[in-house]
Amino acid sequence: MFRISLCLSFTFAVADVIQNLYYRVINVNQYSVFEKWMGSQAETFGAVAFYWVFPLLASLPYAWSLCDELHGGYAAQVMVRTGRKEYFEGKLISSFLSGGTVIACPLVLDLLLLMTLDRTFYPTPNDLISCVMPGSFCSVLYYTHPILFVLLWTCVEFLWGGTFALLCCALGFYIKKTVILLPSMLLVYVGESILSEFIIVKRNRYNIEFAWLSLTRADTMSLNPGWVIFGSIGLILLVSFILTLIKGAKYEVL
C-alpha cells in the first residue's frame, strides 16, 4: 500500500508540472520555479487537489492498518508474541514515517522537475504574484535563500504528514471500519478549517491563519507564523497521544 500511495501522490506533482509548463507555452505565469512550486502556490489543479486530500494521502500508506488489525483480531495475535507496548510503538513510528514520506516526496519531485524544465531565479518581492506573506514562517528566506526555504518547508510538510497519520491511528481505536476512518480524516481536516474562520486574530493588519488547510502550505492570503504551525502540530500530536493512551492502555489481549 505504501508504494501505491507514493505513486498516487506523485500524480499530483506531475499534474502540477504539466499545467505549469502549459502556462509557460501560452505565456502565462512567467516567473520563478519557486513561485510555481506546488507548496507555494494554489493555481494549478495538482497543487490544490494535493492539499485538499492531504490527510487522506498521509493516512493511506500504513496508518489505517492499525484500525483494521485492532478490530479484526490480528493485533491480539501479534501482541501475544511481541508485547502490547512494542506493537503500538512499531505501528505509530511506521505510520508517522510513511505518512511524512508520502507527503514530502511529491514536493521534492515537483521542484526537481520544475528546475529541470523551467527557469530558476529568485522570487521578486514586489511582483504581486507570491502569496508568501511578510511575517509568515521563513518568509525572509523565500526571497533571499529560496532553496533553503523549500527544504525547510518540505520538512514541515513531512511533520504534517506524520502528524495526520498518527491522528488516523488514534481515531482507529474508536472507529471500527476503515471505509469510515479514512473519510473521517477529511471531515476533521475540512471541519477544522471551516470552524477556524470564526477565529479572528490580527498582526500588523493581517489576519493570522489557523485553518489546517492553509497552515499545511507555504502560501496563504493570511499570516502563517511558525508558532501557529508548530503549535497546531503539537496540539494534534497531544490529542492523538491522549486518545491512543486511553484506548491502548485498556486494550486486552485475549
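Predicted model: local features only at pLDDT ≥ 70, side-chain atom pairs only at ≥ 80, totals over all residues.
# Notebook: surface patch, rings, cysteines and fold

Residues are numbered from 1 along each chain as its sequence is written, and side-chain values use heavy atoms, with hydrogens and water left out.

I looked up Ile-246 and found it in helix H12, residues 226-248; helices (H or I, at least four residues) and strands (E, at least two) are DSSP runs, numbered from the N terminus. Ile-246 is partly exposed, because its relative accessible area is 41% and the scale calls a residue buried under 20%, exposed over 50% and partly exposed in between (1.4 Å probe, protein chains only).

**Entry on the fold.** I counted twelve helices and two strands in the protein, and along the sequence they follow the pattern α-α-α-α-α-α-α-α-α-α-β-β-α-α. The radius of gyration is 19 Å, close to the 18 Å that the globule rule gives for 254 residues, so the protein is as compact as a globular protein of that length; the radius is taken over C-alpha atoms, and the rule is 2.2 Å times the number of residues to the power 0.38. Along the principal axes, the C-alpha atoms fill a box of roughly 65 × 40 × 25 Å, and 51% of the 254 residues count as buried.

**Entry on aromatic rings.** My search of the whole structure gave 16 aromatic pairs, where rings of Phe, Tyr and Trp (its six-membered ring) pair if their centres lie within 6.5 Å, with planes under 30 degrees apart counted as stacked, over 60 as edge-to-face and the rest as tilted. In one of these pairs, the rings of Phe-88 and Phe-173 have centres 5.5 Å apart and planes at 50°, so I recorded the pair as tilted. This pair links distant parts of the chain, since Phe-88 belongs to helix H7 (residues 84-117) and Phe-173 to the loop between helix H9 (146-172) and helix H10 (178-195), 85 residues apart. Both Phe-88 and Phe-173 are buried.

For Tyr-142 and Phe-149, the ring centres are 4.8 Å apart and the planes stand at 65°, so this pair is edge-to-face. Tyr-142 is buried at a relative accessible area of 1%, and Phe-149 is buried at 0%. I also noted one aromatic cluster, formed by Phe-12, Phe-50, Tyr-51, Phe-54, Trp-160, Phe-164, Tyr-189 and Trp-212.

**Entry on cysteines.** I looked for disulfides, meaning pairs of cysteine sulfur atoms within 2.5 Å, and found that the structure holds zero. Cys-105 is partly exposed at 28% relative accessibility, whereas Cys-169 is buried at 0%.

**Entry on backbone angles.** Cys-138 is not a glycine, yet it has a positive phi of about 60°. I placed Cys-138 in the loop between H7 and helix H8 (139-144), where it is buried with a relative accessible area of 17%. Gly-73, which follows H5, also has a positive phi, near 95°; in helix H5 itself (residues 64-72), the buried residues are Ser-65, Leu-66, Cys-67, Glu-69 and Leu-70.

Leu-97 lies in helix H7 and is partly exposed at 45%; from C-alpha to C-alpha, Leu-97 and Val-33 are 28 Å apart in space and 64 residues apart in sequence. Val-108 is also in helix H7 and partly exposed, at 39%, and its C-alpha atom is separated by 37 Å from that of Met-79, 29 residues apart along the chain.
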